[in-house]
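Trainee: I am new to this one. Can you take me through it, step by step?

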Amino acid sequence: MNAQTAPSSPGPGSGRAAEVACEVVELLEVLWDRGRDAAPVAPVSASQLRVLYSLEREQGINLRTLGEMLGSSPPSVSRLCDRLEALGFVRRTPSPVSRRELMLDLTGSGAAYLDELRVQRKDVLRSVIESMSPESRTALRDGLDAFRDAVKRNAPAPGAHRADRTA
């Protein structure tokens, strides 16, 4: 590993960085809700959005696998998918390998919703970022790149270390 990607030992700045990261996440939630509210289709809940993101990454999975990815119980996941199917964002089809399983896919409408949501959120974020100095924007980009890389290195497998919870 090079110096840029090597994990460093916890230091006095990591606690403060975690505090600032929590504050930023809370602010992002507010900003992202603005983007979600601006989307042309009725907004979906945060739990439903997690389902859409998961299906975007893993098309054709079954409810059990989706539940494991989300760390949620099958009945909770099934209810979420019921609502998303009613919106036309998710499609359930019989599994080619088991008559008892249904496969879940993101529909074109679901993908279009995610695309539009991303555009709206990006616009909201861009307006905030454009108010920063060029140096601050560069520092933000570099810091976020490093943070994303650290998350990827440290992310547990889907469903690992999670108690069964509702979605």
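Mentor: Start with a term: buried means under 20% relative accessible area, exposed means over 50%, and partly exposed lies in between (1.4 Å probe, protein chains only). This is a predicted model, where local features need pLDDT of at least 70, side-chain atom pairs count only at pLDDT 80 or more, and totals for chains, interfaces and linings use all residues. Residues are numbered from 1 along each chain as its sequence is written, and side-chain values use heavy atoms, with hydrogens and water left out.

Trainee: Is S54 buried or exposed?

Mentor: S54 lies in helix α2. Helices here are DSSP runs (H or I, at least four residues), as are strands (E, at least two), numbered from the N terminus. The relative accessibility of S54 is 2%, so S54 counts as buried.

Trainee: Which residues does S54 touch, leaving out those up to four places away in sequence?

Mentor: Contact means heavy atoms within 4.5 Å. S54 is one of the α2 residues that meet α3. With residues up to four places away in sequence not counted, S54 touches L66, M69 and L70.

Trainee: What is the handedness of the crossing of α2 and α3?

Mentor: The axes come within 11 Å and cross at roughly 115 degrees. Axes are lines fitted to C-alpha atoms, for helices over the stretch in contact, and angles run from 0 to 180 degrees between N-to-C directions. A crossing is left-handed if the near helix is turned anticlockwise from the far one by less than a right angle, and right-handed if clockwise. For α2 and α3 the crossing is right-handed.

Trainee: How are α2 and α5 oriented to each other?

Mentor: Helix α2 (residues 46-57) and helix α5 (residues 108-129) pack at about 115 degrees, with axes 11 Å apart. Angles under 35 degrees count as roughly parallel, over 145 as roughly antiparallel, 65 to 115 as roughly perpendicular and the rest as oblique. Therefore α2 and α5 are roughly perpendicular.

Trainee: Which residues of α5 make the contact with α2?

Mentor: α2 passes α5 in a left-handed crossing. From α2 come L49, L52, Y53 and E56; from α5 come Y113, L114, L117, R118 and R121.

Trainee: Which residues have the most contacts inside the largest nonpolar core?

Mentor: A nonpolar core is a set of buried Ala, Val, Leu, Ile, Met, Phe, Trp, Tyr and Cys residues joined through side-chain atoms within 4.5 Å. The largest has 20 residues. Elements giving two or more residues to this core include α2, α3 and α5. Those with the most contacts inside are V51, L52, L55, L66 and Y113.
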